[in-house]
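Open the structure in your viewer and keep the selection tool ready. We will go from stop to stop, selecting as we go.

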Amino acid sequence: MSANAAIVVRRTEADARFARTGVPHRRIEAWHYTDLKSRIDADLPAAGAYAGAGLGAANPFAGIEADTLVFANGHYRSDLSRVTADPAIEIAALNDAAPDWARAALGAKAASPMADLALARMMGGVAVRVSHNFVAKRPIHIVFLGKSAAAAARHSRVVVVLGTNAALTLLESHEAEGAAGLANIGFDLRLAANSRLTHYKIAGGAVGETHVGTVMADIEAGALYDVAIAAGEGALARHEIHAALTQRMARFRLTALSLLNGVQHGDVTAVVEHAIRDGQSDLVFKSVLADKARSVAQGRILVRPGADGTDSKQSTRALLLSKGAEADAKPELEIHAEDVVCGHGAAIGDLDADALFYLRARGIPEREARAMLTEAFLQEGLARLAETPEADAMRAFVLNRLQALEAA
Amino acid sequence: MTALLDIRDLHVEVGGKPILKGLTLSVPAGEVHAIMGPNGSGKSTLSYALAGRDGYEVTGGDILYRGESLVGLAPEERASKGVFLALQYPIEIPGVTTMTFLRTALNAQKKARGEQPLDAAQFLRLVRAKAKTLNINDDMLKRPLNAGFSGGEKKRAEILQMSLFEPGFAVLDETDSGLDIDALKLVSEGVNALRAPDRAMLVITHYQRLLDYIVPDAVHVLAGGRIIKSGGRDLALELEKSGYDAVVKAAA
């Protein structure tokens, strides 16, 4: 079977799987807190030609020197992308002419109905491969732009393959305007031994928009997939990550920062499979919720038989700034090995009354004291990011969003 | 002339339960008074009521500071007027550095008083000079507020705040708890250095040990939500010798 035929088969299979499940709803356990079916229609028409302004200066990563790959209304647009030629980095559109490595990785694992839908109805895609032993000097920034006059869907796929000992920082941002639609993106990530992928995602979209991002990561020996997600505008977002630690000493690290207001619904779901011994996973979910916003944090850890030496921890913290806000935390541990360390903790509530009194007793007015404590709450999450310009951009985005939340 | 702090027939309820039941106490400017009392007598309630913590409801009487009532004022308003409470257990706030906290607090107080805030350089000079005398180094100032501080470091940080904010009236709530003798000496020296003709202090303690180092001008015994006996330095020694029970019974 040719590689091209393999893609057709995978898309056909994905289509058949999606036809059986349909849009996920709350009777499916993994979607219990996020009833997507009540929000979107699977038959939403595909978005038409893009007629927006392009990548804006307001993009949170605009100031970062990076190679930029642009999607517009679901289609990968090499003409809008800016890439500095580098023999160690290959970039290819996911079409009939895509190279074998890209075709092999695309949709290699079935993970969720929405990822299936993104593959079955893929409007455009791009694949990136970093050569063995190459540490990319610049990040690659993938921007998803959307603009439609009427509600429309944008289905895209991305493949990232890192060779042995390779390293890359991937920035992901979203800009949408016009009618609220659906952005549905699937990522296939393959991290060869001792490679390192740092992924900073800033979600966004038009007010009322639905965003579903599904990542399927295959992490080999000693490799690290380190992902941080910051929520932006948009009515509903589901950030779903399937991390398979397939070889020894593989590592997965997640930092989710959800600052939500109005009636926003933000769901971060991680499914971590410790398939073999000595893997590490470290998940931190932090949300700050105003008005009637709702956050969902799900961390499912599966430790396969024989995966001894597994070290997994997760922490969920939600700060509710109003009575109408809601946070749901669902840690789930399924352990089939003996010698493992798996921890989880969750705390949901208001600011600490003792801390608030302490700051006020020192002369700091209540409003300012609350802002300080809320920022301190986030700083604990932000401190997990690296000391790089792109991490600083992410921090700035989160802190700006906090200010906007408090000003409202 | 009225005392710097004048508490008149103060009644305070916590969660609907009366704790202070007619407490009367005057502390003149320039003096240090000690309040001693058994557990559950209302010592901590008094300190929180003076600082204005939510949930400590004044149901009768008054608290006058420089002739002006504090009742009904928010904690931050009392702080900028010059009331300072050193906590028994200073709160840890990870995510806010000690330096940022100190500067924010000092400038908030200055702003409330209509004074010019300090810029970063002015503040740094001031805080370094004050910190030095308390054996607090730059590293500690850069760490998150009280997070991972030892008991002694937390208390020294409280005294640093007091010396920085220069309050007119300071309450030290069980400042001696959790301190070894060296830390106790260092903290007491810091407190003694802050004695001033225009400042009054109230030292709340369960044990007389602290009063060997911070020598009070007067000692009051708090029991059942009221001051049942007042006296000089000797009263503390008497309490130490014969215990609270004897004094409480004798006063009843």
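The tour below moves from the contact between the chains to helices and a core.

**Before you start**

This is a predicted model: local features need pLDDT of at least 70, side-chain atom pairs count only at pLDDT 80 or more, and totals for chains, interfaces and linings use all residues. Residues are numbered from 1 along each chain as its sequence is written, while chains are lettered from A and ligands numbered from 1 in the order in which they are written.

**Stop 1: where the chains touch**

Show chain A and chain B together. Here 17 residues of chain A are in contact with 20 residues of chain B. Contact means that the C-beta atoms of two residues, placed from the backbone, lie within 7 Å. Now select helix 4 (353-361) and helix 5 (366-382) of chain A, the elements that give two or more residues to the side of chain A that touches chain B. Helices are DSSP runs (H or I, at least four residues), numbered from the N terminus. Helix 5 of chain A gives the largest share of that side, 7 residues. By type, the side of chain A that touches chain B has 9 nonpolar, 2 polar and 6 charged residues. Ala, Val, Leu, Ile, Met, Phe, Trp, Tyr, Cys and Pro count as nonpolar, Asp, Glu, Lys and Arg as charged, and the others, Gly among them, as polar.

**Stop 2: helix 4 against helix 5, chain A**

Keep both helices selected. They pack at an angle of about 130°, with their axes 9 Å apart. Axes are lines fitted to C-alpha atoms, for helices over the stretch in contact, and angles run from 0 to 180 degrees between N-to-C directions. Helix 4 of chain A and helix 5 of chain A are therefore oblique to each other. Angles under 35 degrees count as roughly parallel, over 145 as roughly antiparallel, 65 to 115 as roughly perpendicular and the rest as oblique. Which residues of helix 4 of chain A meet helix 5 of chain A? Select A:Ala355, A:Leu356, A:Leu359 and A:Arg360. Their partners in helix 5 of chain A include A:Ala369 and A:Leu373. This contact has 6 nonpolar, no polar and 3 charged residues.

**Stop 3: a core**

Select A:Val160, A:Ala217, A:Ile219, A:Ala230 and A:Ala243. These have the most contacts inside the largest nonpolar core, which has 199 residues. Such a core is a set of buried Ala, Val, Leu, Ile, Met, Phe, Trp, Tyr and Cys residues joined through C-beta atoms within 7 Å. A residue is buried if 20 or more other C-beta atoms lie within 10 Å of its own, exposed if 12 or fewer, and partly exposed in between. Helix 5 of chain A returns here: it gives the largest share of this core, 7 residues.

**Stop 4: helix 1, chain B**

Select residues 43-51 of chain B. This is helix 1 of chain B, and 8 of its 9 residues are buried. Among them are B:Leu46 and B:Tyr48. Just after this helix, B:Gly52 takes a positive phi of about 90°.

**Stop 5**

Select helix 6 (residues 151-165) and helix 7 (residues 181-193) of chain B. Their axes come within 10 Å and cross at roughly 5°. That makes helix 6 of chain B roughly parallel to helix 7 of chain B. Is B:Lys110 buried, exposed or partly exposed? With 16 C-beta neighbours inside 10 Å, B:Lys110 counts as partly exposed.
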